[in-house]
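Hi,

Here is the structure I promised to pass on. Please open it, then read the notes below.

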Amino acid sequence: MPIKSCTLFVIVLLFSFQGHAQIEKGAIYFGARGGYLSIEDYAPRTYGGLELDVMVTDKIGIHYSILFGEEYFHMPLAPVGGFFVAAAVSDIEEGVGFGLLLGALTAIIPEGVSYNIPLGENSGFAPYISPLQFEYLPSGEGNTYPGGAIGLRYHQYVGKKLFRVSPMVEYKVHYNKNPHPGISAGLNIALQLKEKSAKLAVE
């Protein structure tokens, strides 16, 4: 399938997904996360940073995170991929504008997806998979690694759900011949930027 046709197909899917999400949009939370990283072949270290959690429905959420620590940096993989996609497509026959568009669409792909399981009015669990992580960890064998994780968060809502406190733990690997398996554990404290919308009837 030609590149333009593939892109058009992706755009149609995105708009279809957004139309479905408008049936019952969830809240948006933005907050700070601090934690502890312990993976094979690296000394344990602490980190801190920012996270965005967008509930596209009452149950399904997507998230992005930027984390910093001593000789450590973490971000979503998609913007890195978007840069290479834009460069590659712009270098072919499609032109710079189309390359930038395709790169931008790639860059906004979320780092991970969660499924929220309510325990009550003000609490719940959120197991998640985060397959698109990118990390900087300098060593003799390399510096940057794409990677992924599976994890679990516990959400406690306070102040009429204006704030959310979320301890978390995840099992991580790098997509490398040496996967550096290990864990990351931490605490996220987030502010609600947007309330959950009321459920709308499907036309």
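In which strand is the place of Glu 135? Glu 135 sits in β7, a strand made of residues 123–136. Keep in mind that this is a predicted model.

Glu 135 is buried, because its relative accessible area is 1% and the cut-off for buried is under 20%. Its side chain has a polar partner: Tyr 72, joined side chain to side chain at 2.6 Å. Leaving out residues up to four places away in sequence, Glu 135 touches Tyr 72, Phe 73, His 74, Asn 143, Thr 144, Tyr 145, Lys 172 and His 174.

Glu 51 belongs to strand β2, residues 45–55. Its relative accessibility is 6%, so Glu 51 counts as buried. Two arginines meet its side chain. The side chain of Arg 33 makes a polar contact with it at 2.6 Å.

Now the surface. A nonpolar patch there covers about 960 Å². Its members are Val 113, Tyr 115, Ile 117, Leu 119, Phe 125, Ile 129, Ile 150, Leu 152, Val 169, Tyr 171 and Ile 183. Which strands each supply at least two residues of the patch? They are β5 (112–115), β6 (117–120), β7, β8 (144–158) and β9 (163–174). Leu 119, for one, lies in β6.

Best wishes

Technical notes:
Residues numbered from 1 in each chain as written. Predicted model: local features only at pLDDT ≥ 70, side-chain atom pairs only at ≥ 80, totals over all residues. Heavy atoms only, no water. Helix = DSSP H or I, 4+ residues; strand = E, 2+ residues; numbered from the N terminus. Buried < 20%, exposed > 50% of the residue type's maximum accessible area, 1.4 Å probe, protein only. Polar contact = N/O pair within 3.5 Å; in protein donor to acceptor, adjacent residues only side chain to side chain. Contact = heavy atoms within 4.5 Å. Patch = residues over 30% accessible without salt bridge, like charges linked within 9 Å, V, L, I, M, F, W, Y side chains within 5 Å. Areas by Shrake-Rupley, 256 points an atom, 1.4 Å probe, with all protein chains shown as cover. Salt bridge = Lys/Arg side-chain N within 4 Å of Asp/Glu carboxyl O.
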